[in-house]
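Thanks for asking me to look at this one.

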Amino acid sequence: MFLIYAGLFLIPVVIALIMPFWIKKDRKSVTRNHASEEEDETNLKIEKQTLLATLSDLDLDHAQGKYSPEDFRRLKTSIEHQLLTVLEVLERKKIKEVAMTDIGSTAPSSAMMKVEHRLILSFLIGILFVAGTAEIRSLVYGKIQRSQQASNEEGTREAGEMVPPVNPIEMVARLEKKLKENPNDLQGQMMAGRSYATLQRWDDAKNAWKKAVELDRRNEVAQFNYADVLLKSAKPGDSAVYQEALEHLNIALMIVPREPVVLWTKGIALLNLGKNMETDQVWTEAYQYLPPGSKDAEFVKQALQNLRSGKTPAN
């Protein structure tokens, strides 16, 4: 954009620099050539009239017997020759004038050479203009980029100085201290449940999500995550834990009935309770709500095929 704006601004300047080479010289040349042509034509016409008058006087003198026949023929031949030459020159000038009028701007070779010189000069000025604009753009943008880079580096350095690396253990410790002072902080308990799950502290995660469910039973996030932690920490064959997880997933589905991840997790609970037919139903429903052809949809589709063929589906 800078190049375009610079070009629009400088084009009138370049035109103003070039125009004098064309307009002024043309005017001077045309004026000078025209005046010279007129002067030559006037002189020739005067010479023509003079020669005609001389011929007339010669005829009169010959009639009066002032010249012998031989002298008369010699003088008359000489004057007629001069008159013929003048008439030929005048005729050529007339033809040239008509040709210039018809062609308009037809110029002699010397004038054409001057035109070519002007074109070359204009072309060189144009190249200098483009090169100068590009160089200015390079300098300006280079300065802007260096300024932005320096600003970014300074911002990154300041950000690095202001935000120290996060230590999850220290963060959890501060959160635990905060929850000890206010255990009914719902958002704090949910944050603690996520942090404990990330650190695979399943018992602490289970307690945090259980507290969140107690604080807000209508919170589908808390219901789902509590059930998910129960399933991940359950011992094989502990049907009581799977049943408890199933109850919390049903509560979550009352709030978000078309959530594929909740339906899938409910299928896991049902599968561990030996309810394969119900598992097929909820996974089929979950598959319907997933984007067709997506990675998750293909995963659920493969699990359904394994379930229906008697194989162990992935969980």
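1. Across the protein chain, 26% of the 315 residues count as buried.

2. Please keep in mind that this is a predicted model, in which local features need pLDDT of at least 70 and side-chain atom pairs count only at pLDDT 80 or more, while totals for chains, interfaces and linings use all residues. Residues are numbered from 1 along each chain as its sequence is written, and side-chain values use heavy atoms, with hydrogens and water left out.

3. The protein chain has eleven helices and zero strands. Helices (H or I, at least four residues) and strands (E, at least two) are DSSP runs, numbered from the N terminus. On contacts, meaning heavy atoms within 4.5 Å, residues 24 or more positions apart account for 52% of those in the protein chain with a separation of 6 or more.

4. Now to the aromatic residues, where the structure holds two pairs. Rings of Phe, Tyr and Trp (its six-membered ring) pair if their centres lie within 6.5 Å; planes under 30 degrees apart count as stacked, over 60 as edge-to-face and the rest as tilted. The pair of Trp264 and Trp283 is stacked, because the ring centres are 4.1 Å apart and the planes stand at 20°. Trp264 belongs to helix 9 (residues 260–272) and Trp283 to helix 10, so this pair ties together parts that are 19 residues apart in sequence.

5. The rings of Trp264 and Phe299 have centres 5.4 Å apart and planes at 65°, so they form an edge-to-face pair. With Trp264 in helix 9 and Phe299 in helix 11 (residues 295–308), the parts tied together are 35 residues apart in sequence. Trp264 is buried, with a relative accessible area of 15%, whereas Phe299, at 39%, is partly exposed.

6. Leaving aside residues up to four places away in sequence, Ala286 touches Pro260, Leu263 and Trp264. Ala286 and Trp264 are 22 residues apart in sequence and 6.2 Å apart in space, C-alpha to C-alpha.

7. How do helix 6 and helix 7 cross, left-handed or right-handed? Their crossing is left-handed, the term for a near helix turned anticlockwise from the far one by less than a right angle (right-handed if clockwise). The axes of helix 6 (residues 202–215) and helix 7 (residues 220–233) come within 9 Å and cross at roughly 155°. Axes here are lines fitted to C-alpha atoms, for helices over the stretch in contact, and angles run from 0 to 180 degrees between N-to-C directions.

8. Helix 4 (residues 168–181) and helix 5 (residues 186–198) have axes that come within 10 Å and cross at roughly 150°. Helix 4 passes helix 5 in a left-handed crossing. Among the residues making the contact are Met171, Val172 and Leu175 of helix 4 and Met191, Ala192 and Tyr196 of helix 5.

Conventions
Buried means under 20% relative accessible area, exposed over 50%, partly exposed in between (1.4 Å probe, protein chains only).
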